[in-house]
Amino acid sequence: MSFLQNKIEKFDQYLSDHPKVKFFLPQALLVVFLFIIIGYLSFNASSNLAARGIDTGFSFLNKKASFDIQFSMIEFDSSMTYGRAYLVGLLNTILVSVIGIIFATIIGFFFGILRLSTNPLASGLATCYIETLRNISLLLQIFFWYFAVLRLLPSAENSLVLFNFVYANIKGIYIPRFVWTNLSFFIYGIIFTIFFIIIFNKYASILREKTGKHLPKFLISIGLLIIIPSFVVLTFGVSLEFSHPKLEVNMGISNYIGGVSIIPELIALAFALSLYTSTFIAENVRAGILGIDKGQKEAAASIGLTKTQILKLIVIPQALRIIIPPTTNQYLNLTKNSSLAAAIAYPDIVLVFAGTALMQTGRAIEIVTITMLTYLTLSILISIFMNWYNKKVALTEK
Amino acid sequence: MENIIQLRSVNKWFGEFHVLKDINFSVSEKEKVVICGPSGSGKSTLIRCINRLEEHQKGSIIVDGMTLDENTKNISAIRSEVGMVFQQFNLFPHLSILENCTLAQIWVKKKTKNESEKLAMDYLRKVQIDDQALKFPGQLSGGQQQRAAIARALCMEPKIMLFDEPTSALDPEMIKEVLDVMVDLAKGGMTMCVVTHEMGFAKEVADRVVFMDEGNIVEEKKTSDFFENPENERTKLFLSQIL
């Protein structure tokens, strides 16, 4: 007993003499412990899988998927591989996330600013919108748009026709497909125009600095954006025709053929994600604008700036730095929430890959790992971009 | 002498609260007026009405021949002739000190960047912070920030300068550096309206002192008379508390 006590005391003494060892020893022990656990679990899993005769590894990605996907941005049919199916799912996830992020941002800014309006009707409307949609479960909202709204659309024969070129029915929304001749000229024209507008804006800034002359940058940019492409269209024989969707009856079932179809699942999911997330962004925007001291606007007014200039030069640059970090979180949430797609069978990465592909191949560990890493990558990419943007607008403090 | 600021029976309410009661007040060119009084007496509101950061509801305000009303053109014309310095400095934190000073020159007066920077540096030198020009407001001390705010207002080359308790938010050791700048400005012949409790400054610089209480101008006298022979009881009480 006294021997053991002696040892412990000596060890104690050693630790207090070597603070670095005292600091790192417990952490090193923890890491070793974690490795042992992970090693045990993966050994256990692989020996279990081997005992049941289940293959492991990623070779399945090159095998024939033999299932169809209802909606795909790239060509896909059942003779293609699981790897291709993964890509289809990934693109569908990215598609709905990008649509959602764009619309959530626009709608969010609109309602955030509207809620600050001095008009009680406008601000009341915005409050009502935000408080309602923010407090209802997202899954329920997806169901609402999918089952309660889009299911009420008429059958294909009685399609709702909007503006003579949009056809809405229970199977989705059909719009004309663009048929271009000499499209590449047009694209080059657009690229050139954008380039030209950037140069023009730089020139206008320099002109302002050098001569104090203020050109109407925005109006001229819009003008250029109309004039140059029109010129390209007229000179290089670029033309655009619309291939309208046509109602065809095949074996008693009528459907629209041709044109571009947007499936109701995508519409419902994009609607629900945009509206739900927009309420949170609206609150961020409101907080950002309210977060700016009243004195800032007064000081700006006192040196003669107009209301528009105050908004552009003083309020928005400062509000952005408050708005961006929590809005990044909302973009991440939206992207991850898009996996609720599975509930209405929109073929996103979870439904296609972690659903159908997993059921068919049984490669649970591989597929779940790939899907997790995919979401992680998407999230990190969004974060990196938003952090970069945030740095651009950040303040220099003490 | 011509009155550059002329208020005739100006009334203002914040909701039910009658903050300015029938104020008649004028300032002639190059005159320096100090406005003092207990808090809530309406002195800040009074000078904020002069560049229409507050709207008055009754009476008329004429600044440099222009009547303050709904007319937006008038307001911006008046604002570029009336500089204002705030208690909380209100520098723009996302812009450097130099950019704070050039912003309105570029966007309101449509000057070139070079011209506006040159003028800004002149005024920054005058308030002795030209060496801080490229720093941001958050990197400066309170006294330096307030001097930068004065330079920012001067860059518009105003005819009139309004000061709304410019030293109230400062640490005691920084008050003097700001007051020195204001004294210099006064000696340069600027028309000034200063809301302050710095009676030393009033004695040194002011031509006239106005005492306000509960929305009224209670007493208005030449500086020496004001301090030596105050008539109103409330003025006497106030002076005894503050001196």
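The model is a predicted one, so local features need pLDDT of at least 70 and side-chain atom pairs count only at pLDDT 80 or more, whereas totals for chains, interfaces and linings use all residues. Residues are numbered from 1 along each chain as its sequence is written, chains are lettered from A and ligands numbered from 1 in the order in which they are written, and side-chain values use heavy atoms, with hydrogens and water left out.

Chain B holds nine helices and 10 strands; these are DSSP runs numbered from the N terminus, with helices being H or I of at least four residues and strands E of at least two. Its C-alpha trace spans about 55 × 45 × 35 Å along the principal axes. In chain B, 59% of the 243 residues count as buried, a word that stands for under 20% relative accessible area, with exposed meaning over 50% and partly exposed in between (1.4 Å probe, protein chains only). Contact means heavy atoms within 4.5 Å. Among the contacts of chain B with a separation of 6 or more, 64% join residues 24 or more positions apart.

The next topic is the inside of the model. A nonpolar core is a set of buried Ala, Val, Leu, Ile, Met, Phe, Trp, Tyr and Cys residues joined through side-chain atoms within 4.5 Å. The largest such core has 94 residues, of which A:Leu305, A:Tyr346, B:Leu7, B:Phe25 and B:Ile35 touch the most other members. Helix α8 of chain A (residues 264-290) supplies the largest share of this core, 13 residues. A second, separate core has 50 residues, including B:Ile129, B:Ala149, B:Val194 and B:Phe227. To return to B:Leu7, its contacts beyond four places in sequence are B:Ile23, B:Asn24, B:Phe25, B:Leu46, B:Ile50, B:Ser60 and B:Ile61.

Several loop residues are also worth a visit. B:Thr167 sits in the loop between β7 (160-164) and α6 (172-187) of chain B. With a relative accessible area of 5%, B:Thr167 is buried. Leaving out residues up to four places away in sequence, B:Thr167 touches B:Ile175, B:Val178, B:Leu179, B:Thr196 and B:Glu198. B:Asp130 belongs to the loop between α4 and α5 (142-154) of chain B, and at 28% relative accessibility B:Asp130 is partly exposed. Not counting residues up to four places away, B:Asp130 touches B:Met121, B:Leu124 and B:Arg125. B:Asp130 and B:Ala148 lie 18 residues apart in sequence, with 9.2 Å from C-alpha to C-alpha.

Backbone angles come last. Most residues other than glycine have a negative phi. A:Ala345, although not a glycine, has a positive phi of about 65°. A:Ala345 is found in the loop between α10 (307-337) and α11 (349-361) of chain A, and counts as partly exposed at 38% relative accessibility. B:Lys110 is not a glycine either, yet has a positive phi of about 55°. The loop that holds B:Lys110 runs between α3 (97-107) and α4 (113-126) of chain B, and B:Lys110 is partly exposed, with a relative accessible area of 41%.
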